[in-house]
Amino acid sequence: MKILICITHVPDTTSKIQFTDNNTKLDKNGVQFIIGPYDDYALARAVELKEQLNATLTVLNVGEAETEPTLRKALAIGADDAIRVNAFPKDSQFVAEQIAAIAKQNNYDLIMMGRESIDFNGGMVHGMVGELLGIPSISPVMKLEIEGDKVKMAREIEGGKEYLEAKLPLVAGCQEPIAEWKIPNMRGIMSARTKPLTVVEPSNQNVATEVINFQLPPAKGAVKLVDKDNVAELVKLLKNEAKVL
C-alpha cells in the first residue's frame with residue numbers, strides 16, 4: 001500500500017501576525033512555522049497504518065525551500081520520503097492541482113491531509129483533489145480503518161456522527177481524534193537527515209484567485225466595569241451597546 005500525506009507549512013498558533021507590502025504579504029519576521037495541526041493528525045494516523053499494513057508513506061508539501069525543515073520533521077515522525085513542489089501555494093485550486101499531478105504519477109492508494117489549513121481555513125483542497133482524480137473525498141474524518149480494499153470511517157455531522165465505507169483509492173480530510181500527535185524521537189530525527197527529499201517543479205502556474213490585501217481583526221475595546229448591584233445598567237449596556245439582548 002502507498003499512502004500520500006499532504007501537509008501545510010503554517011504559522012504557529014501563538015505567533016503574532018503582521019503584514020507587509022501594503023498588507024499584501026505575511027511578515028515572516030519572528031514567526032515560527034509548524035506542520036498544520038490537522039495535517040499532524042493525518043500524519044499520525046498514517047504512521048500507525050504504515051506499521052499495521054507495511055505501507056510506504058510519502059509526505060508532500062507545495063512550498064518554497066523554507067518549508068523543507070517542516071518536511072524533515074514529518075520524515076522524523078515516520079514518513080519514508082518527501083516531495084516538495086517548488087512553488088508558493090497561491091490558492092486552494094493551485095495546491096490541489098499540484099497534489100493531483102503527483103498522485104497521478106505515483107498511483108497512491110490513500111491520500112490523507114488535514115480537514116483544513118489553519119492559515120486560510122479554506123477546507124477545499126481535499127475535495128478538489130478527489131474531483132481532479134475522480135475518486136471519493138471524505139471530510140472531516142475522525143476515525144479511519146482499512147480492511148483489504150475498503151476504508152471504514154466516521155465523521156462529524158450536525159447533531160452526531162456518520163459512519164461510512166468506501167473503496168480505495170480515496171482522499172481523507174482528517175481531524176482529531178483520528179490519532180494522537182506524534183513527537184519525533186532522536187532516532188527519527190537522525191534518520192530524517194538521510195531520507196530522500198525530492199524537489200519537483202509545479203505542473204502548471206495557473207492561479208484562479210488574487211490576494212488584494214489582508215486585514216487584521218479590530219482591536220478589542222476597553223472593558224466596562226459595572227457594579228454587581230447595578231443590574232439595570234448592565235441590562236442597558238447589553239441591549240444598547242453589546243446588542244446581545
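Reader: Before we look at any pair, what is a salt bridge?

Author: A salt bridge is a side-chain nitrogen of Lys or Arg lying within 4 Å of a carboxyl oxygen of Asp or Glu. Please keep in mind that the structure above is a predicted model.

Reader: Understood. How many salt bridges are there by this rule?

Author: The count comes to 13 salt bridges.

Reader: Which residue does D229 meet in a salt bridge?

Author: Its partner is K228, and the N to O distance between the two side chains is 3.7 Å. That pair qualifies because 3.7 Å falls within the 4 Å limit.

Reader: Are D229 and K228 buried or exposed?

Author: D229 is exposed, with a relative accessible area of 62%. K228 also counts as exposed, at 72% relative accessibility.

Reader: Where does R45 sit, then?

Author: R45 belongs to helix 1, which covers residues 37-53.

Reader: Is R45 buried or exposed?

Author: R45 is buried, since its relative accessible area is 4%, and the cut-off for buried is under 20%.

Reader: What does R45 touch?

Author: Leaving aside residues up to four places away in sequence, R45 touches Q52, M112, L144, E145, I178 and A179.

Reader: How accessible are K150 and E165?

Author: K150 is partly exposed, with a relative accessible area of 34%. E165 counts as partly exposed as well, at 47%.

Reader: What about K152, which residue does it bridge to?

Author: K152 forms a salt bridge with E147, where the closest N and O atoms are 3.3 Å apart. K152 is partly exposed at 36%, and E147 is partly exposed at 46%.

Reader: New topic. How many disulfides does the structure hold?

Author: The structure holds zero disulfides.

Reader: What is a disulfide, in general?

Author: A disulfide is a covalent bond between the sulfur atoms of two cysteines.

Reader: Are C6 and C174 buried or exposed?

Author: C6 is buried, with a relative accessible area of 5%. C174 is buried too, at 0%.

Reader: Now the surface. Which residues make the nonpolar patch?

Author: The nonpolar surface patch is made by V231, V235, V244 and L245, and its area is about 380 Å². Among them, V235 lies in helix 6 (residues 231-240) and counts as partly exposed, at 40% relative accessibility.

Reader: Which residues are buried in helix 2?

Author: Helix 2 covers residues 68-77, and T70, L71, A74, L75, A76 and I77 are buried there. After helix 2 comes G78, which has a positive phi, near 155°.

Reader: Where is K25, and what does it touch?

Author: K25 lies in strand 4, residues 25-26, and is partly exposed, with a relative accessible area of 49%. Not counting residues up to four places away in sequence, K25 touches Q18, F19, T20 and F214.

Reader: What is the secondary structure of the whole chain?

Author: It comes to six helices and 13 strands. The C-alpha atoms fill a box of roughly 65 × 45 × 40 Å, taken along the principal axes.

Reader: What share of the residues count as buried?

Author: Of the 245 residues of the protein chain, 40% count as buried. The chain exposes about 14300 Å², and carbon and sulfur atoms supply 51% of that area.

Reader: And what share of the contacts comes from residues 24 or more positions apart?

Author: Such residues account for 67% of the contacts in the protein chain with a separation of 6 or more.

Notes: Residues numbered from 1 in each chain as written. Predicted model: local features only at pLDDT ≥ 70, side-chain atom pairs only at ≥ 80, totals over all residues. Heavy atoms only, no water. Buried < 20%, exposed > 50% of the residue type's maximum accessible area, 1.4 Å probe, protein only. Patch = residues over 30% accessible without salt bridge, like charges linked within 9 Å, V, L, I, M, F, W, Y side chains within 5 Å. Areas by Shrake-Rupley, 256 points an atom, 1.4 Å probe, with all protein chains shown as cover. Helix = DSSP H or I, 4+ residues; strand = E, 2+ residues; numbered from the N terminus. Contact = heavy atoms within 4.5 Å. Disulfide = S-S within 2.5 Å.
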